[in-house]
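Please find below a colleague's note for someone meeting this structure for the first time.

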Amino acid sequence: MAPQTETAVWNALTGVPDPEIPAVNIVEMGMVRGVSLDGDTVTVRFTPTFSGCPALQVIRDGIRDALSPLGFDSVEVETVISPPWSTDDITAPARTKLETYGVAPPSPAQEQTLFMALEPEAVRCPRCGSYDTRLTASFGSALCKRMHVCNACREPFEGMKSV
Amino acid sequence: MSELTPEHRAALIARLTALADDELLLSHRLAEWTGHAPILEEDIALANIAQDELGHAIGWLELRRTLDGSDPDALAYRRAPDEFTNAALTELPKGDWAFTMLRQYLYDAWEALWQDAAKASLYVPLAQVSALTLREERFHFQHTGLWVERLSLGTPESERRMRAALTALWPYALGLFWPLDGEADAIAAGLLPDPSGVKSRWLELVTGHLSRLGLTPPEEQPVARGAHTEHLAPLLEEFQRVARQHPEAVSW
């Protein structure tokens, strides 16, 4: 098989969805720190989002499945934890996709202090766009999400935590 | 940094194991609420927190693996009760809602402050894992702190339960700060946080918060880390059962 380019690898990786939020892929979520090609081996530098996220293994498998058809003998997924993944790494197009999908994108990550403000920055309702919303639960259906409700349109919605 | 001495390596391994043991057991106790919490949102919150703590246990055990090649699954699933070095705080039965929330609050404060100190460790991999896990711990502490306030200032019944939980938990919570054998040199070398320094910050934070809620911790001596209650063996029996029954299994 013809040697693959780095661009081809990146393109293939954009086909790997975030299993918790399949509307976005791992590249635009900022989970891929880099790729390197060495002969028939490709190494993907992958950064986990939340340390206990059960999707991590699924994503690692997804990376291998996406890159195997490119003809590499070996697909290595290297875990990189420093600097830690931040929701600020999510690209602008991915933020729009999140909102369209019904998940409020994260506010800019605050300085990482030990204690958080109890009334964080207002979260915009992904359905009607109102900022008149409130947090209803600090935890949601996945480690990365919290629950909100919109006072304007009355719809509950999920929002991504800022880290 | 220069190569770790055998003593420093041993101290790091011991501390990482103690941290992981706390996380594993507490995660299991939290998971016991799944399907049983008083409201759905709290069921979900505790499942999330349990999952985070399990993730932290994996982080500490993976770091240990880089030091001695040990298998995280073997450590979690194939050690006997007397080999666990958790603080007994984390093995106590889940109790009522006040007990669960107060235990988690006291533990989260310790974990967050220890990790905050460990971010400055000269052993860079430890500083890196701590920076990662601390971000998650902040959400726990916010959540449990609010519950401690709600219950303390709620009804006479919720306040009574909080007082009972505080009396029961306090000596066990103090046991979190118990120094590990052989750790002093690694602390002096800047590789590990000093538990007594973490304890000072913890006491200031926790007793300050509790006193504003009208609660005063009892005068008690700490329960030594590694001193276990009768509750650990049954917990491990359940926690390790599937892994022990299917030792050949590679995935669940």
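**Notes on the sheet, the rings and the charges**

1. In chain A, Leu37(A) stands opposite Val42(A), a residue of E4(A). Strands here are DSSP runs of E with at least two residues, helices are runs of H or I with at least four residues, and both are numbered from the N terminus. Six bridges join E3(A) to strand E4 (residues 41–46) of chain A, and the two run antiparallel; two strands are taken to pair if DSSP finds at least two bridges between them.

2. The model is predicted, so local features need pLDDT of at least 70 and side-chain atom pairs count only at pLDDT 80 or more, whereas totals for chains, interfaces and linings use all residues. Residues are numbered from 1 along each chain as its sequence is written, chains are lettered from A and ligands numbered from 1 in the order in which they are written, and side-chain values use heavy atoms, with hydrogens and water left out.

3. The open sheet of chain A is formed by three strands in the order E3-E4-E5, with mixed pairing. Its edge strands, each pairing on one side only, are strand E3 (32–38) and strand E5 (74–79) of chain A. Neighbouring strands of this sheet are turned by 15° against each other on average, direction ignored. Helix H1 (residues 6–13) of chain A lies across E3 and E4 of chain A and runs at about 140° to E3(A); axes are lines fitted to C-alpha atoms, for helices over the stretch in contact (heavy atoms within 4.5 Å), and angles run from 0 to 180 degrees between N-to-C directions.

4. Together with Trp170(B) and Trp202(B), Trp110(B) and Phe177(B) form one aromatic cluster.

5. A search of the whole structure also finds 21 salt bridges over all chains, each a side-chain nitrogen of Lys or Arg within 4 Å of a carboxyl oxygen of Asp or Glu. One of them joins the side chains of Arg79(B) and Asp21(B), at 2.6 Å from N to O. Arg79(B) lies in the loop between helix H3 (72–77) and H4 of chain B, and Asp21(B) in helix H1 (residues 6–31) of chain B, so the pair ties together parts that are 58 residues apart in sequence. Both Arg79(B) and Asp21(B) are buried.

6. Another salt bridge, at 2.9 Å from N to O, is made by the side chains of Arg64(B) and Asp68(B). These residues, Arg64(B) and Asp68(B), are separated by about one helical turn because they are four residues apart in helix H2 (residues 40–68) of chain B. Arg64(B) is buried at a relative accessible area of 14%, whereas Asp68(B), at 34% relative accessibility, counts as partly exposed.

Technical notes:
Phe/Tyr/Trp six-rings, centres within 6.5 Å; stacked < 30°, edge-to-face > 60°. Buried < 20%, exposed > 50% of the residue type's maximum accessible area, 1.4 Å probe, protein only.
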